[in-house]
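Subject: A structure for you to look at

Hi,

I am passing on the structure we talked about, together with some notes on what turned up in it. Please open it and follow along as you read.

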Amino acid sequence: MQWQLASQALVMRRDLITRTLTVRSGYEQALADSEWHYRALANAGRALVFTSDAQGQNLWCNDAWMRLTGQTREHAVAGGWVDALHPDDRDILRGQWQRAARSGHSDSQVVRVRRSDGSLLACDPIPGFLLDMVDAGGLMPQLKQRLEPR
């Protein structure tokens, strides 16, 4: 009798584990699908999109960043994204980026990103991505005016 109860308990446990793994597999597939959709959307536009962890470490950048700066994804994610910033903007944005990643709030300031051809693009950093604002708002003249010595 005890042997039958123990055997039934093992079968029930096996079935529970199988169902749990099946559900978990479904969640993992849903997560993978969601990530694929996010990256497809991020790569479809012109915005310069980064995904960061809570410490502000970049985990992924989109194709628009690589096309604009000429950097590889590996270089940008390993911290090389800062190399594409104007030298006067690097420390400011690095600090803002990390604070924004931790708090979820941005105290953004327009920064200059160097394109692969050497020209500059004015960007408005928002937690999670850098937004290309040149065509939308013509920020470069405003930025030049703001940065000129008085």
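This is a predicted model: local features need pLDDT of at least 70, side-chain atom pairs count only at pLDDT 80 or more; totals for chains, interfaces and linings use all residues.

**The aromatic rings**

Searching the whole structure gave two aromatic pairs. In one of them, the ring centres of Phe50 and Trp65 are 5.0 Å apart and the ring planes meet at 70°; an angle over 60 degrees counts as edge-to-face, so that is what we call this pair. Phe50 sits in strand β1 (residues 48–52) and Trp65 in helix α2 (residues 63–69), so you will see distant parts of the chain linked, 15 residues apart.

Are these two residues buried or exposed? Phe50 has a relative accessibility of 1%, so it counts as buried. Trp65 is buried as well, with a relative accessible area of 0%.

The other pair joins Phe50 to Trp81: here the centres are 6.0 Å apart and the planes are at 55°, so the pair is tilted. Trp81 belongs to the loop between α3 (73–77) and α4 (90–103), while Phe50 is in β1, so this pair ties together parts 31 residues apart in sequence. Like Phe50, Trp81 is buried. Taken together, Phe50, Trp65 and Trp81 make up one aromatic cluster.

**Gln71**

Next, find Gln71 in the loop between α2 and α3. Its relative accessible area is 11%, and because buried means under 20%, Gln71 is buried. What does the side chain of Gln71 reach? It comes to 2.7 Å from the backbone oxygen of Gly80.

Met66 is part of helix α2. Not counting residues up to four places away in sequence, Met66 touches Cys61, Gln71, Thr72 and Arg73.

Ala100 is found in helix α4 and is buried, with a relative accessible area of 5%. The C-alpha atoms of Ala100 and Pro125 are separated by 9.6 Å, and these residues are 25 apart along the chain.

Best wishes

Notes:
Residues are numbered from 1 along each chain as its sequence is written. Side-chain values use heavy atoms; hydrogens and water are left out. Rings of Phe, Tyr and Trp (its six-membered ring) pair if their centres lie within 6.5 Å; planes under 30 degrees apart count as stacked, over 60 as edge-to-face and the rest as tilted. Helices (H or I, at least four residues) and strands (E, at least two) are DSSP runs, numbered from the N terminus. Buried means under 20% relative accessible area, exposed over 50%, partly exposed in between (1.4 Å probe, protein chains only). Contact means heavy atoms within 4.5 Å. A polar contact is a pair of N or O atoms within 3.5 Å; within protein, one must be able to donate a hydrogen and the other to accept it, and residues adjacent in sequence count only if both atoms are side-chain atoms.
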